[in-house]
Amino acid sequence: MADTADTLADTVLTDVSDGLATITINRPDAMNAMNTAAKVALRDALRAVADDTAVRAVLLTATGRAFCVGQDLKEHVAKLAEARDTDGGNALSTVREHYNPIVRTLTEMEKPVVAGVNGVAAGAGFGFALAADYRVVADTAAFNTSFAGVALTADSGVSWTLPRLIGASRAADLLFFPRSISAQEAYELGIANKVVPAADLAKEALAVARALADGPTVAYAALKASVAYGAGHTLAESLEKEDELQTRAGASQDHTIAVEAFLAKQRPKYLGR
């Protein structure tokens, strides 16, 4: 694996073009394992695009043959030893400091997030993919919960996202007995939204993200919020939330544009507000 001297600038790359932010995890020699530099860079890059009003959609992907294999275990072992030798605290404070903010930003930002899963997504990498709103997956990619394999519990939101996608019983199976889940099985389980030939992954993921970046951003934000809210509230509460969010979407310029375009039998050109 690459050593931990990676700089923030080269472990995660950000490109913003015409309302679409592409964030690329860039530690291919380490299968995009997350060392401290990569975790900080990814957290900060996601926060920046979430706050950027010019960004209307986000594409999260990676270089090389892996999407992200989770925690950099070489760095982790060193931190465990340091904590043990110096009584220096919790070596897994990274969950609170890095993984939790990354996943919350992915799920809570008021714009859609597409994961272009180019290869294996394991552990925290699986969590990042699950936290996206839509997953375009290469047919050669695979998923693995991995946590129990190193005597750890789920993090990066997997305990919340995975059972909501595939049900509690199947999630328990994959968490207690980690194994490689092929792209096709991921599609059948409901983890992957779309499976494409590996050679077409970049093009197909970009097309999905571009369509969302050109779409009604306020409505997409409301859809994200309503689905997340409904997962933990009663029908009556969810109906109230829908009313609140529909009022907001209905007041957007994009709603007026959409209605006028429909009546004129034209294609709407949204402004994202």
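How many of the 273 residues in the protein chain are buried, as a percentage? Buried residues make up 44% of the chain, where buried means under 20% relative accessible area, exposed over 50%, and partly exposed in between (1.4 Å probe, protein chains only).

## About the model

Welcome! This is a predicted model, in which local features need pLDDT of at least 70, side-chain atom pairs count only at pLDDT 80 or more, and totals for chains, interfaces and linings use all residues. Residues are numbered from 1 along each chain as its sequence is written, and side-chain values use heavy atoms, with hydrogens and water left out.

## The whole chain

The protein chain has twelve helices and ten strands; these are DSSP runs numbered from the N terminus, with helices (H or I) of at least four residues and strands (E) of at least two. Along the principal axes, its C-alpha atoms fill a box of roughly 70 × 40 × 35 Å.

Among contacts with a separation of 6 or more, 70% join residues 24 or more positions apart; a contact means heavy atoms within 4.5 Å.

## Two loop residues with positive phi

Let's visit D18 in the loop between β1 (12-17) and β2 (20-25). Its phi is near 50°, a positive value in a residue other than glycine. D18 is exposed, because its relative accessible area is 66%.

S156 sits in the loop between β8 (142-144) and α6 (158-166). S156 is not a glycine either, yet has a positive phi of about 55°. With 1% relative accessibility, S156 counts as buried.
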